[in-house]
Amino acid sequence: MSGKTLFKLKKIDILIVVILLVSSGIVLFKAGYIYQPSEEKIPPSEGREQPQIEESTEKPLIPPTSIIPGYMRAVSPTDEGLHYDKISVCREWWYFTVVFDENSELPGWVATVSFNHMARGDLLGTYKPDLLVVALHGPNGEEYGGMINKERGLGILKQPTLQAKTPGVSVTYEDSWVEGEAPEWVVHAEDNDIDLNHDLIIDLHYFAPYDPIWTIGDRSLQKTKSNLASYVFIGCNVTGTIEIDGKTYNVHGLGFHEHSWSPNIVTRGLINGWDWSHITLDNGWNIYYSTYYPTPQYISTKLSKTDVFGSLILTSDQGETLTIFDNTVSEITKSNEETFPFVAMPLGIHVIGKPGLLQPLLSTYDISLDLRINIDNTYEKIWKFPTYVGMNVGRCTIDGTITWTDENGEHKIDIEGVGTIWDMRAFI
């Protein structure tokens, strides 16, 4: 074979390789294995005031972001709907939180609304596993609402207090309800007999500019068929009204919407506590933090390394891009008096997050998030004998730093903000 013929064959080989690479990339992209941030969704409803962003000639520092497979950011209407109708799923939660901004009539306040179908063993001995949270907390210790759990009922003779449908989000709990489908949901919540001293009515519209992130359940197909899953929309635009004792306040801010479900095998004996925090920073960034405690507090140390279900996620653009810290360590730095023997609710949490094995490219930036969560105003609910479970839900303040290194050198940003917090502790 002549050298000229050999050279032509090599050129053909190169052309074939290029075609295969391009074709493979197109296939992976269309299959959702490469996430391409979409254009910001525009809410179809008109007349809603959106957060205003001040223009600046100086380019702001933006931390490096994670590379995320497309299927980790895709949620279907079926995913959003009911799952606890399956025998294998025993609990399911639809969770909405918001921090109201300085232009609201309740600046710096936070609201939490959550519809919880609990497993019957979660609140052992109460026979009331349907739980509702309607809570409002202010920066100066103001507190309205709280949480309540009621009977579920059996069969057609007595309908459960909490009821849900599918597809989309359609959940009711007496006079409280939520309806919608990504990217919009409408939340109406009344405290009724939760807070006997005040009347609280929450009406909020949530709009998610960008896709969510699956924090649990990373199967590429049919996540709704999984018995253990959770996703969260970060940086939702929230508008609406809060009515306190007959007086109405116009509010808007940044919020989170989270939805999770889990199977019968995840018992209270496996998860003896959790800390959840949805955080809005003063610069408009958002942080999602959750950690779970697989052992009772009285036999665990203060230092808790992240389990497989914990998450620490930062976004600088309301969720279009995400920085995922999958190597975190958290420490309870301050606690209140013991809720039960050897069990106390946290008042301060120190979290250090770095990228781990799942984020090798992000690790090259030596990025680190040092976060201090100060729990300053919460509603406490204690179920004593024979349940031995305590929960706190409410407001927290945030301070800390984020550091990284790139081609422009070393960077350090001080961060402050306000968030919502939900803690649970079980004795056994």
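Here are a few notes on charged side chains in this predicted model.

1. Let's start with the overall tally. The count of salt bridges comes to eight, and the points below pick out some of them.

2. Take D122 and R91: their side chains meet in a salt bridge, at 2.8 Å from N to O. D122 sits in the loop between β2 (110–117) and β3 (130–137) while R91 belongs to strand β1 (residues 89–100), so this pair ties together parts that are 31 residues apart in sequence. Both D122 and R91 are buried.

3. Next, have a look at K150. Its side chain forms a salt bridge with that of E174 (2.9 Å, N to O). This pair links distant parts of the chain, 24 residues apart: K150 is in strand β4 (residues 143–150), and E174 is in the loop between β6 (169–173) and β7 (176–181). K150 has a relative accessible area of 18%, so it counts as buried, being under 20%. E174, at 44%, is partly exposed.

4. K150 also meets D193 in a salt bridge, at 3.2 Å from N to O. Here the two residues are 43 apart, with D193 in the loop between β8 (184–190) and β9 (200–207). D193 is partly exposed, at 37% relative accessible area. Put together, K150, E174 and D193 are linked in a network of salt bridges.

5. Finally, the surface. E102, D282, D414 and E416 form a negative patch there. One of them, D414, lies in strand β22 (residues 409–426). With a relative accessible area of 60%, D414 is over the 50% cut-off and therefore counts as exposed.

Technical notes:
Residues numbered from 1 in each chain as written. Predicted model: local features only at pLDDT ≥ 70, side-chain atom pairs only at ≥ 80, totals over all residues. Heavy atoms only, no water. Patch = residues over 30% accessible without salt bridge, like charges linked within 9 Å, V, L, I, M, F, W, Y side chains within 5 Å. Areas by Shrake-Rupley, 256 points an atom, 1.4 Å probe, with all protein chains shown as cover. Salt bridge = Lys/Arg side-chain N within 4 Å of Asp/Glu carboxyl O. Lys, Arg positive; Asp, Glu negative; His and termini not counted. Charge placed at Lys NZ, Arg CZ, Asp CG, Glu CD. Helix = DSSP H or I, 4+ residues; strand = E, 2+ residues; numbered from the N terminus. Buried < 20%, exposed > 50% of the residue type's maximum accessible area, 1.4 Å probe, protein only.
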